[in-house]
Amino acid sequence: MSVDHAERAEGDETRAATAQAAAATVRYYAVAPGVRVNVRSGPGTGYGVVRVLNEGAQVPIYCQTPGTTVTGPYGTTNIWDNISNGQYVSDSYVHTGSDGYVAPRCS
């Protein structure tokens, strides 16, 4: 095996381990019962709806960011949860057990 090939293989292993660690730290949270929640393309009600979560859905929260203030089953907040690339839901519809941030801020 050449040195260049060995370095690439080692780099691939490092990236895989980093991705696994990041995935392991993501928690899933329940959406408010009896509610279908709009998933938006950005952190606010002015962004378009990209899909709707079914009742009883559970979502990962990769990061959180401030946006439009929304009142929902879990209070009033301006925190929006990033649940996938370009997909956000108001934290007021997600049972995190906290009134504050439970994940890193989105960059």
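A strand here is a DSSP run of E residues, at least two long, and strands are numbered from the N terminus. The exercises below use a predicted model.

**Exercise 1. Decide whether Thr65 is buried or exposed, and list what Thr65 touches.**

Step 1. The cut-off for buried is under 20% relative accessible area.
Step 2. Thr65 has a relative accessibility of 16%, so Thr65 counts as buried.
Step 3. Setting aside residues up to four places away in sequence, Thr65 touches Pro43, Asn78, Ile79, Trp80, Tyr88, Tyr101 and Cys106.
Step 4. For the chain as a whole, 34% of the 107 residues count as buried.

**Exercise 2. Find the disulfide, give its handedness and say which parts of the chain it links.**

Step 1. The structure contains 1 disulfide.
Step 2. Its partners are Cys63 and Cys106, with an S to S distance of 2.0 Å.
Step 3. Cys63 sits in strand β5 and Cys106 in the segment after β8; the two are 43 residues apart, and the pair links distant parts of the chain.
Step 4. The torsion about the S-S bond is about 95°, so the disulfide is right-handed.
Step 5. Cys63 counts as buried because its relative accessibility is 14%.

**Exercise 3. Work out the strand order of the open sheet of 3 strands and identify its edges.**

Step 1. The order is β4-β1-β8, and the pairing is antiparallel.
Step 2. β4 (58-60) and β8 (94-95) each pair on one side only, which makes them the edge strands.
Step 3. Strand β1 (residues 28-31) is joined to β8 by 2 bridges.
Step 4. Across this pairing, Ala30 stands opposite His95 in β8.

**Exercise 4. Which residues of the largest nonpolar core touch the most other members, and what surrounds Val37?**

Step 1. The largest nonpolar core has 14 residues; Val31, Val37, Leu53, Val59, Ile83, Val89 and Val94 touch the most other members.
Step 2. The elements that supply two or more residues to this core are β1 and β2 (37-40).
Step 3. Beyond its neighbours within four places in sequence, Val37 contacts Val31, Arg51, Val52, Leu53, Val89 and Tyr93.
Step 4. As general background, nonpolar side chains tend to be buried together in soluble globular proteins.

How values were computed:
Residues numbered from 1 in each chain as written. Predicted model: local features only at pLDDT ≥ 70, side-chain atom pairs only at ≥ 80, totals over all residues. Heavy atoms only, no water. Buried < 20%, exposed > 50% of the residue type's maximum accessible area, 1.4 Å probe, protein only. Contact = heavy atoms within 4.5 Å. Pairing = 2+ DSSP bridges. Helix = DSSP H or I, 4+ residues; strand = E, 2+ residues; numbered from the N terminus. Core = buried A, V, L, I, M, F, W, Y, C linked by side-chain atoms within 4.5 Å. Disulfide = S-S within 2.5 Å.
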